[in-house]
Amino acid sequence: MSPNEFDRLLREKFDNEMVTFNPDQWKRLASALPKEKNRKLIYIKLGSIAAALVLLGFGFLYFNDSNNSIASVDKIEATPKASIIVSPDLKNDSPIKLNEPTAKTTISTPLKLDNLTSSTSIVKKNSTKSLHQNTISIKSLETQLAIQEPQVTHGFSETSEKFILSKHDDVVNSSNQKIKEQISNSALSKTIQIADKELEIEDVKLLASKRTSINLTGGVNYGSLNLGYMASISAKQNLSDKLFIEGSIGFLQNQEVVSSNMSSSQYSQILNNSNRGRPAKFSESPSGIYFLQLAPMVGYEIFKNLSVGAGADIQRNLEGTIDNRAIVATEYGFKMIPIWDAGVTTKAEIGLNRQLKAGIVYREGLNNLLSGTQNYYNRRYVQVQLKLKLYGK
Amino acid sequence: MLSYSEQDIILGCKENKRVFQEALFKQYHSLFFKICARYAIDNEDTEQLLHDGFLKIFTHIEEYKFAGSFEGWMKRIVVNNCLDYVKSKDTRNALNTKYALPVEEVNTSFSASNVLKDIAFKDLLKLIQTLPPTTRMVFNLAVFEGYAHKEIASLLKISEGTSSWHLHEARKTLQKLILKSSKEVNYESK
């Protein structure tokens with residue numbers, strides 16, 4: 001038989017033979033392939049980053065917007081837009097005063113309250129200081145009107161995330177085990193080396209995806225409601241090697257806030273000019289306002305030491321109630337400090353070392369948007385944070 | 001089962017989509033298994049070579065620019081992977097302990113067509129796997145992959161004459177082994 005004939009017969013023998021497909025072999029191969037990208041997850045990631053950037057941009061654009069700034073006495077005196085105007089026929093027996101220990105500059109801001117038979121005189125404390133440093137209080141105003149609080153619901157389900165992570169871990173673990181078993185029985189040292197490297201990479205990814213950390217955070221915020229401080233404790237859970245969720249609970253303070261205390265209904269009366277005419281007194285008492293803060297967020301690690309995130313920010317005014325809430329004066333009228341203050345935050349964070357991170361947060365209030373009014377004071381601020389890792393890798 | 005065009009599969013694999021990767025694996029599993037089996041020493045190594053070959057195809061598929069046959073491009077990857085395996089020092093050591101002992105002369109006229117038709121595929125595969133490493137590589141490249149001696153010589157860094165000799169040796173040895181195997185089967189059946 002000629003060599004060509006022999007070769008042809010051999011080739012035919014091979015060509016005619018069909019090897020049956022082994023699903024296990026495909027599973028093993030699929031587990032070794034790079035993870036398939038989830039398009040939905042990519043869109044969520046990109047959307048989060050885009051939303052964070054947009055919010056950050058808007059925040060900076062409107063940060064110095066005078067529409068939300070607390071008016072100085074000079075501005076109130078000069079601006080006819082002030083919604084609270086002292087009526088010229090108000091009686092002198094019910095003065096609304098801001099006590100001034102050193103200077104006696106008096107401004108006559110007409111307060112236009114129908115049926116209100118009180119005279120109002122605002123005494124300027126210091127011509128160079130704004131109303132931030134004064135306190136106005138209105139007492140003895142009675143009304144039945146109430147202002148609805150913005151109802152904000154929040155929360156997220158960790159169970160579904162844990163389930164997904166657990167399932168993912170099971171699949172990866174079983175796949176790795178199979179690969180290890182098969183490789184351990186093989187004499188292919190070169191292949192073993194490659195497979196070992198792949199396993200190491202897979203293990204690193206697995207570790208990264210399991211990372212959980214507990215952090216202590218302190219921060220200084222400055223914004224529309226003066227200077228303040230923040231301290232919180234947060235927990236961070238990686239959903240993948242890049243994506244993570246983080247939740248924090250803490251205390252936040254705005255100090256030296258000039259505010260009046262009045263009920264929501266009193267505030268409504270002022271807005272609606274439906275006051276019954278009881279006298280009101282204003283007295284100076286600058287003080288801090290304290291909030292309990294809950295802030296869940298979703299973040300994405302752009303680089304090893306740089307991450308961005310966006311999330312909700314819910315704050316409870318610890319001293320405010322519907323019957324006694326802080327009101328601040330702005331150029332556009334008196335605005336309520338929300339009792340439940342809903343907002344959104346965007347954050348950029350950079351790792352200084354393994355334990356310490358520095359971050360910058362921008363916060364925008366959503367109360368006016370949610371309530372459909374302009375009655376709430378927008379607590380918009382930028383916060384500089386330092387975060388210390390207490391636990392976790 | 002959905003059937004995809006070759007272009008769909010290639011584009012899907014380039015986007016790392018499992019459904020297209022699985023389709024490609026199913027389509028070429030048998031062909032590449034047979035290639036790998038001719039170079040491997042046993043079934044376990046065959047599966048490992050197939051695994052590595054497909055892994056290389058999927059991870060390098062971005063480099064395929066639709067120039068030339070896609071099957072040819074994949075075959076080159078699989079064959080080169082097999083050659084690397086056979087050429088590796090450790091594998092050669094393992095192979096040297098396994099490959100064929102000198103075959104005693106069988107002084108019988110070789111009616112290969114009948115014998116080859118009767119011999120089981122697995123048995124034929126085992127016989128090819130007993131060939132010495134270089135002889136087997138030359139034989140596989142020349143007979144199954146269609147390489148010329150010049151290409152084989154360049155690939156294995158041997159002379160063309162040596163390549164030719166290995167091919168001759170492979171044919172001669174295989175024919176003897178096939179006949180011997182056939183006789184053993186006949187003897188056992190009696």
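## Stop 1: a pair on one helix

Select B:Glu22, which at 26% relative accessibility counts as partly exposed (buried means under 20% relative accessible area, exposed over 50%, partly exposed in between, with a 1.4 Å probe and protein chains only). An α-helix has 3.6 residues a turn, so residues three or four places apart point the same way.

A word on what you have loaded: this is a predicted model, where local features need pLDDT of at least 70, side-chain atom pairs count only at pLDDT 80 or more, and totals for chains, interfaces and linings use all residues. Residues are numbered from 1 along each chain as its sequence is written, chains are lettered from A and ligands numbered from 1 in the order in which they are written, and side-chain values use heavy atoms, with hydrogens and water left out.

## Stop 2: the whole of chain B

Zoom out and color chain B by secondary structure: you get ten helices and zero strands (DSSP runs numbered from the N terminus, H or I of at least four residues for helices, E of at least two for strands). Of the 190 residues in chain B, 52% are buried.

## Stop 3: where the chains meet

Show chain A as well. Here 45 residues of chain B are in contact with 35 residues of chain A, contact being heavy atoms within 4.5 Å. The two chains bury about 3900 Å² between them, 65% of it on carbon and sulfur atoms; that is the accessible area (1.4 Å probe) lost on putting the two parts together, summed over both.

How many salt bridges does the rule find across this interface? One. Select B:Arg171 and A:Asp7, whose closest N and O atoms are 2.5 Å apart. Several elements of chain B give two or more residues to the side that touches chain A, among them helix 2 (18-39), helix 3 (43-60) and helix 10 (160-189). That side has 21 nonpolar, nine polar and 15 charged residues (Ala, Val, Leu, Ile, Met, Phe, Trp, Tyr, Cys and Pro count as nonpolar, Asp, Glu, Lys and Arg as charged, the others, Gly among them, as polar).

Are the two partners buried or exposed? B:Arg171 is buried, with a relative accessible area of 16%, and A:Asp7 is buried at 5%.

## Stop 4: two strands of chain A

Over all chains, the structure holds 16 salt bridges. For another, pick A:Arg363 and A:Asp341, 3.2 Å from N to O. A:Arg363 lies in strand 12 and A:Asp341 in strand 11 (residues 340-351) of chain A, so the pair ties together parts that are 22 residues apart in sequence. Both residues are buried.

Stay on strand 12 (residues 356-365) and click A:Lys357, partly exposed at 23% relative accessibility. Beyond its neighbours within four places in sequence, A:Lys357 is in contact with residues including A:Lys236, A:Glu349 and A:Gln385. Finish by selecting A:Glu246, A:Lys347, A:Glu349, A:Lys357 and A:Lys387 together: they are linked in a network of salt bridges.

How values were computed: A salt bridge is a side-chain nitrogen of Lys or Arg within 4 Å of a carboxyl oxygen of Asp or Glu.
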